[in-house]
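Let's take a walk through a protein model together. Have a look at the sequence and the 3D picture, and then we'll go through some of its parts.

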Amino acid sequence: QDDSSVVIAVDHNACILCDRCVRGCNDIRRNHVIGRMGKGYTSRIAFDLNTPMGESSCVACGECMVSCPTGALTSRSVVQPDPWKAEHPAPPVVTADELVRHPSGLFEGVSQPFLRWTDGAVVRRHYHKGEVICREGEYGFSAFYIERGKVSISIQSPLKHVQNRRSGLFGLLGRFSSSLVSRDKDERAGESASRFIHIDAPVSLEYSKPVATLDVGDIFGEMSCMSFYPRSATVRADEDCTVLEMLRNVLYMLQRNKRSKKLLDDKYRERALANHLRSVPLFAGLLADEARFLELVAFLQERVELRRMHPGELIFRQDDVADSFYLVRIGFVKVSQRNPGGEHVLKYLGPGGFFGEIGLLSGVPEVQRLTGRRGVRTATCTAMDHVDLVRISEDDFRAMLDAFPALREPMVRVAIERLEENEKERRRIESQPLEDFLQQGLFEAQSLLVLDLEKCTRCDECTKACADAHDGVTRLIREGLRFDKFLVASSCRSCLDPYCMVGCPVDAIHRRGSREIIIEDWCIGCENCARNCPYGNINMHEFTTGEYVLEPGGTQRRAVVSKKATTCDLCSDLKDGQPSCVYACPHDAAHRMRGEDLYQYVERARRF
């Protein structure tokens, strides 16, 4: 069984090697994806060079499925249009014949039998002015195409973050209280300086005014549809409008069909590329001169290539030849590096991120001094989910730096910073014999709450202090892994591989230079990071605020319950910087330390 494709299931046991799928793919559609492999009784059909169908160059036209007489290639039932059945009345279904004749031309070239098999996967919805199409934080399974009218896309959650304060004499006695405060009233080290918030749409929202407009022909909700992420923003009808809502199999097919893909890519170049480049910090230096920035957009419009990667798909491998530079448009990319202690995750890059510059800049003396090699990749990059990348080839990258010299200095500076950080991490890993320690994953931690079990009396004062510090919601549990005589309690570890950072629909969770996790004030409270944390160390706080809310009858003020994600902040607002859990321990049994420090402490104790 090969279930790697979202829309077509492959059962090799049902194949009789009639070659009808081969002829349909190669002679009728001229896609040249399917062929035979093996000899004798090991013969079977294969995709490209024997790769899974979902990872091959298959465009999901459905011709092989139509041609197969035995059911070896069938439409996957898991993506059939079940969600509409629960609605009363059910939304009007758009038939296969209507889709083929759609005036946008989006469905031209798609196999009609394939569209009929997925009949019901596209519905047409009508919204009146002011009606909500989707809300931020809600989980989605579909994408939307605007047929008529305009919609506004915005973040309704207040742009504030959680602040903890201790009341009492000199700040040492009393309780903590949690409240929502704006960035200008509580500046935090390590918070993003970006002017834009990335959302699941062909626009990015300005931080100072998080609202934008989408028009006819725009598609939004792709990330929610393909990866089942929460909606990143609230979408309302600006006027009476009509949208097509489509399920995952239809969107997947549009993204791979040659004609549909070209239409979508041309739309991106024409309307979304400029907005994307504005939201990438690397290009911030050109924004002061609008005319010069538009020259950059015009330079790249016909040169960029859009690539769509599937979950787990390799983008490039460490030591490969460097041939391109990438910008992340949708999804998340894992950047990892091979070291003596194994593979270590360097970072996760979300929308607005970029990578691949180091290998292309290795001819610069400052960069070459740190890499020691020229023209090769220094890390491995892998798609964590369905990822859309903007690729700039090596030749176009060098031409861009020559045409826009202001980009060279920030590009080189970022490359040097990344290399220095990676080298520092490599030396630290190589200096330790870590077999047993690595097995427990403790070396990945930058901030462990460690309890000395020879001193600990299980009084739970650490847990009580944490609960008092955070309105009764503790951020630690006095249970976890044992290493030697120490208990590593369940509290935020500030992991080197912070999986909580993957999947945030608005890219609101980041890591400081000290590797502590920071949650930005545009968090929409979707709880995705809390679900992703394998240790349960991210909590959701609810706050009731009086906010102005846009309703169909106009703007009204009413009480709104807002959720914000919070994680251990090491009680950083205390003057002495000592966490409450450590401060409250009456037996000096609780300590905060890095995984490396714990290892060295145990090693010294064993030697003496």
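Phenylalanine 144 stands opposite glutamate 245 in β16. Strands here are DSSP runs of E with at least two residues, helices are runs of H or I with at least four residues, and both are numbered from the N terminus. This is a predicted model, where local features need pLDDT of at least 70 and side-chain atom pairs count only at pLDDT 80 or more, while totals for chains, interfaces and linings use all residues. Residues are numbered from 1 along each chain as its sequence is written, and side-chain values use heavy atoms, with hydrogens and water left out.

Strand β16 covers residues 241–246 and runs antiparallel to β7, with five bridges joining them. Two strands count as paired if DSSP finds at least two bridges between them. Which order do the strands of the open sheet have? The order is β5-β16-β7-β14, four strands with antiparallel pairing. β5 (122–127) and β14 (219–220) are at the edges with a single partner strand each, so one side of each has no neighbour in the sheet.

## Two residues around β7

Serine 142 sits in the loop between β6 and β7 (143–148). Is serine 142 buried or exposed? Serine 142 counts as buried because its relative accessibility is 1%; buried means under 20% relative accessible area, exposed means over 50%, and partly exposed is in between, using a 1.4 Å probe and protein chains only. The side chains of serine 142 and glutamate 245 are joined by a polar contact of 2.5 Å. (A polar contact is a pair of N or O atoms within 3.5 Å; within protein, one must be able to donate a hydrogen and the other to accept it, and residues adjacent in sequence count only if both atoms are side-chain atoms.) Leaving aside neighbours within four places in sequence, serine 142 is in contact (heavy atoms within 4.5 Å) with Gly221, Cys225, Arg231, Glu245, Met246 and Leu247.

Glutamate 147 lies in strand β7 itself, and at a relative accessible area of 22% glutamate 147 is partly exposed. Glutamate 147 and histidine 102 are 45 residues apart in sequence, with 9.9 Å between their C-alpha atoms.

Now for β15, residues 234–237. Thr234 and Arg236 point one way from this strand, Val235 and Ala237 point the other way, and all are buried. In a regular strand, side chains alternate between the two faces of the sheet.

Strand β8 (residues 151–154) is joined to β15 by four bridges, and the two run antiparallel. Serine 154 has threonine 234 in β15 as its bridge partner. Strand β6 (residues 132–134) also pairs with β15 in the antiparallel sense, over two bridges, and cysteine 134 stands opposite valine 235 in β15.

## The nonpolar cores

A nonpolar core is a set of buried Ala, Val, Leu, Ile, Met, Phe, Trp, Tyr and Cys residues joined through side-chain atoms within 4.5 Å. The largest one here has 45 residues, and those with the most contacts inside it are Ile34, Phe47, Leu73, Met246, Val250, Met253 and Leu254. Which helix gives the most to this core? Helix α6 (residues 248–256) does, with five residues, and nine of the nine residues in α6 are buried. A second, separate core of 43 residues includes Phe144, Tyr207, Ile517 and Ile538.

Isoleucine 34 stands opposite phenylalanine 47 in β3. Strand β2 (residues 34–37) and strand β3 (residues 44–47) run antiparallel, joined by four bridges. The two form a hairpin with six residues between them, and glycine 38 in the turn has a positive phi of about 80°.

## The whole chain

The chain has 17 helices and 32 strands, and buried residues make up 56% of its 608 residues. Among contacts with a separation of 6 or more, 72% are between residues 24 or more positions apart.

How confident is the predictor? That is what pLDDT gives for each residue, from 0 to 100. The mean pLDDT of the chain is 81, and 81% of its residues reach 70 or more. Over residues 169–173, pLDDT stays under 50, and the model has seven contacts beyond four places in sequence for them.

Technical notes:
pLDDT is the predictor's confidence in each residue, from 0 to 100.
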